[in-house]
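Below is a brief report on a region of one protein chain. Look over the sequence and the model before reading on.

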Amino acid sequence: MSPFKAPVDSTPMDRTGIHQALPRIGVVLGGGALKGMAHIGALKAIREAGITPHLYAGSSIGAMIAAAAASGQNPDTLRERALSFRRRDLFRINHMGMLMDRMLSRSIYLEGPLRSLCEELVGDGTFETFKSRLLVTAVDLERGTPVVFGRPGFRNVRVRDAVYASCALPGFFPPGVVGDRVCIDGGTTDNLPVEIAGLEVDALIAVDVGIANVPLAAGVAEQGFATIFMRAATMMMHEMQQATLDTWKGPPMLLVRPPVSHIGWFSFRHIEKLMDVGYTATKEALGHLLNALSAPGGIFPRRLMRIEVDRPTCTGCGVCAAHVPSLMALDEEQKAFPLLPVHEFSPADGAFAGCCPVSAITVAPMETWDEAGARLAQSA
């Protein structure tokens, strides 16, 4: 039997930092539009590992899939539905609203398809009546505050309404009404709700499919309002999420970042690939879960990484030194250099390299002795 089977009540740690009984593990699924299909593969890997989550939490598409899992939907069923997913199942232009209301139109797309998808995948009932613990993030549009449905004071509302609101990307879908609140996409302020989920568990498995990095997107300025808006939203959410991870003080977290940054937010052509890479990345990360559980905190997996600076390319702008003064500095020639070239990084570390406006910084895995020996043998 898997050591992770079945959730347990709150359990203290001993002096070594190892849990004395089975840990309560929370699964957090981040936002990322259709890239969130990778969550289905992640859930399959978690299920195969024999882990029964104590808590599900999610934002935007992560909220929908977390709520589906908390409703009892298994990953194989979700995969089958995802493979039949088509653009018309989600996106139908709000022609009448844009024609009649113009700038006062609430959204580009109609509410109906997204609402129907929520009702198809998510069980009926309130957070009070759901068997599994579930947290869904949203933003109260009128009050200007984040809301976490499922937490005390926010449990007596329909889960389907909360999930719709968490997915209601501003401008794309109309806001959702949850109880007496008008709400929009939870990713607006918290795309990976690990902080609130960490209050209830001993460890987290967090799957980030949206904004691990912001890759080059040439020609984006010519691709229309929706593309420009999503590009700007990506950059803002990336910075907010990274700030949370940079200062993480919660329970140990296994951070899974499937390689999906290069795939478009609304690409229907890559659904099967997204599920597959979500499965592979999560299965690989789960091999480090025991290391995370034995630690008092921190983000895992951890790996030795080397920081290098291309001096001829570096302009000396100082952005890296200002961003991470514990890692980077400027020398007498005003060139950036790492204070220590080799560091043990988690998947949340190393993002500062992407802040360099001329791409002069590289953060790459260190070779192990075996890898280095094999490479030298091949070159001999």
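This is a predicted model. Start with D76, which is found in helix α3, residues 75-83. Is D76 buried or exposed, or something in between? Its relative accessible area is 47%. Buried would need under 20% and exposed over 50%, so D76 counts as partly exposed.

K44 lies 32 residues away in sequence. In space, the two C-alpha atoms are 7.4 Å apart.

Now turn to the packing of two other helices. Two packed helices are described by the angle between their axes and the distance between the axes. Helix α1 and helix α2 pack at about 35 degrees, and their axes are 10 Å apart. The crossing of α1 past α2 is right-handed. Which residues make the contact? The table lists them by helix.

| Helix | Residue range | Contact residues |
|---|---|---|
| α1 | residues 38-48 | H39, I40 and L43 |
| α2 | residues 61-70 | G62, I65 and A69 |

By class, this contact holds four nonpolar and two polar residues. It has no charged residues.

How much of α2 is covered? The helix is mostly covered, with 10 of its 10 residues buried. The buried set includes G62, I65 and A69, which also take part in the contact with α1. I61, A63, M64, A66, A67, A68 and A70 are buried too.

After α2 comes G72. Its phi is positive, near 105 degrees.

How values were computed
Residues are numbered from 1 along each chain as its sequence is written. This is a predicted model: local features need pLDDT of at least 70, side-chain atom pairs count only at pLDDT 80 or more; totals for chains, interfaces and linings use all residues. Side-chain values use heavy atoms; hydrogens and water are left out. Axes are lines fitted to C-alpha atoms, for helices over the stretch in contact, and angles run from 0 to 180 degrees between N-to-C directions. Helices (H or I, at least four residues) and strands (E, at least two) are DSSP runs, numbered from the N terminus. A crossing is left-handed if the near helix is turned anticlockwise from the far one by less than a right angle, and right-handed if clockwise. Contact means heavy atoms within 4.5 Å. Ala, Val, Leu, Ile, Met, Phe, Trp, Tyr, Cys and Pro count as nonpolar, Asp, Glu, Lys and Arg as charged, and the others, Gly among them, as polar. Buried means under 20% relative accessible area, exposed over 50%, partly exposed in between (1.4 Å probe, protein chains only).
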